[in-house]
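Keep the model open beside you and follow the points in order.

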Amino acid sequence: MNAYPNQVFLNGQFVSVPDTQPTSLINPADEQAWIEVQSASLATLSSAVEGAEKSFHQIWKSLTPGKRAAALYRVAAEIRKNQRRIAEAESKNIGKPISDAMDEVGLGARVFEYYAGAISQFGGQTLPVASGGLDYTVREPLGVVAAITPWNFPFPIACWKVAPALAAGNCVILKPATISPLSALLLGEIIQQAEIPEGVLQILPGSGGLLGPAFSKESRIRKISFTGSTEVGKEIMRMASDQLQRVSLELGGKSPNIVFADADLDKAAGQSPMSVYANTGQDCCARSRIFVEAPVYDEFVAKFIESTRQIKVGDPMKPDTQIGPMVSSDQRDSVETFIQSARDAGRNIRIGGDRPLNKGFYLSPTVITDIEFGDRCWKEEIFGPVVCVTPFTNEVEMMKEVNNTPYGLSGSVWTRDLHRALRISRGIESGVISVNSHSSVHVEAPFGGFKASGIGRDLGINAMEGYTELKNIYIPDLQ
Ligand code: NAP
Ligand code: MG
């Protein structure tokens, strides 16, 4: 099996869609078109909803918890068996370094294992209501849910939407981003190999502009789970209001990284570069605004630039590559307009800002200092390997600026003072904080944003709750 699937995955089969425009995928590392993938039409969507609803009512929602868990464990095992194949497809599709792609496919398998295990722990409560009798809650699946995913972490995000939804008893229609459909389609192969009943997971590559509004017109789709831009997230929420579809939205970020003078500077400066450059900065959790306490500012910036210089940028297929190309020429152009705005304003571009290789959508990791808080680069999500660093002297003033953003996804604080770590962690208006670390994603823990960074949570048991309705049942005492 060398060729990758390039048709839509409908009711358990890969099928061809006549009369739609296929998408030609460009390998970001060499700028060559290499595979065409078909797009779902509105008719495909109707068949997908019909098939998913049938499977939901006839099979999936009434499968015993034991059998549903066994099915998800089979999916995880097949993902592990196919780890390299999926990782290579991802890497060629979006330019992700192969070592990261391998890790992310492994993460996808762990997500399925976690939710397979969670099924037997997931239930309601009995409640001592004032009138006596038996009052208890149950969590019921919603029905058919849609998952719309982005191109930056296509495989793990697909898994962390699909797995909890299936675990809770729903059937899912997955729409990957138009430019990154391959790993999602490979999940279709996995579903076949794991002998999951047909219609439980439908995979429809195709245009968000076409399918998105159609998802919201479909009364049989009960929830839209989305990861992507804040702009599209708002549009989905508006559209979903017509049918009161449930939404969970994981959107953009402009996260702070706060370094106090008492921090382990070598560690902070050594680890901080990849907290913004990983995945070529195309990461909603990127810590792209660094606040450094004034006495150690120069030393931190010097160390940070030195660590940046050591990063290996290049061919994503090489095992030691840390940063590959950007996903597309458009995405690189967009990031370059930010860098140009900093140049035009006379800001200090300390390293990077250029294209390091002639071929491929590469952009060098870029450090900007001497910024002003009104700068585009400081305020807006760049979604590229660009970081701004600024000194601070007053904690209260610094924290005001930390929260002076519509976003609130992640954030880090570096200090050896426990009280300060607690105070700052509580003070940052974000959903995911790390202390003396930059890790944001743990399969077992909730992941999501405050404010314009989103609504609802992926991962952890919270995500599974988000794919259910909570029902209360009351039975009076019989005297
Ligand atoms: P996007 O438009 O939000 O795309 C994300 C997903 O939404 C894709 O599957 C897309 O499909 C789909 N979509 C687009 N329009 C839709 C609509 N009207 N209704 C329903 N779904 C729709 O993101 P983008 O344009 O690829 O990237 C733009 C910016 O968004 C980036 O520069 C970055 O700032 C941000 N972003 C954030 C994340 C994140 O992880 N939070 C991820 C990606 C991008 P198509 O591919 O067919 O358009
Ligand atoms: Mg878009």
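1. Start with the largest nonpolar core of this predicted model. This core has 99 residues, and the members that touch the most other members are Leu 72, Ile 79, Val 111, Phe 112, Tyr 115, Ile 173 and Leu 174. Helix H4, which spans residues 98-118, is the element that gives the most to this core, contributing eleven residues. Both domains take part: at least three residues come from domain 1 (8-251 + 453-473), and at least three from domain 2 (256-442).

2. Leaving aside residues up to four places away in sequence, Val 111 touches Cys 159, Trp 160, Ala 163, Val 443 and Leu 459. Apart from the core described above lies another one, of 24 residues. Among its members are Ile 339, Ile 368, Cys 388 and Ile 424.

3. Now for the aromatic rings, where the count comes to ten pairs. One of these joins Tyr 114 and Tyr 115, with 4.8 Å from centre to centre and 80 degrees between the planes. That pair is edge-to-face. Are the two tyrosines buried or exposed? Tyr 114 is partly exposed, at 21% relative accessible area, whereas Tyr 115 counts as buried, at 0%.

4. Another pair to look at is Tyr 277 with Phe 304. Their ring centres are 6.2 Å apart and their planes meet at 65 degrees, so this pair is edge-to-face. Which parts of the chain does the pair tie together? Tyr 277 belongs to helix H9 (residues 265-277) and Phe 304 to helix H10 (residues 297-310), so the pair links parts that are 27 residues apart in sequence. Tyr 277 is buried, with a relative accessible area of 0%, and Phe 304 is buried too, at 1%. Tyr 277 and Phe 304 also form one aromatic cluster together with Phe 300.

5. Finally, please have a look at two places where an arginine lies over an aromatic ring. Arg 289 lies over the face of Trp 378, at 5.6 Å from the ring centre. In the other case, Arg 420 has its charged end over the ring of Phe 260, 4.3 Å from the centre of that ring.

Notes. Residues are numbered from 1 along each chain as its sequence is written. Chains are lettered from A and ligands numbered from 1 in the order in which they are written. This is a predicted model: local features need pLDDT of at least 70, side-chain atom pairs count only at pLDDT 80 or more; totals for chains, interfaces and linings use all residues. Side-chain values use heavy atoms; hydrogens and water are left out. A nonpolar core is a set of buried Ala, Val, Leu, Ile, Met, Phe, Trp, Tyr and Cys residues joined through side-chain atoms within 4.5 Å. Buried means under 20% relative accessible area, exposed over 50%, partly exposed in between (1.4 Å probe, protein chains only). Helices (H or I, at least four residues) and strands (E, at least two) are DSSP runs, numbered from the N terminus. Domain bounds come from an automatic or database domain assignment. Contact means heavy atoms within 4.5 Å. Rings of Phe, Tyr and Trp (its six-membered ring) pair if their centres lie within 6.5 Å; planes under 30 degrees apart count as stacked, over 60 as edge-to-face and the rest as tilted. A charge sits over a ring if NZ of Lys or CZ of Arg is within 6 Å of the ring centre and within 35 degrees of the ring normal.
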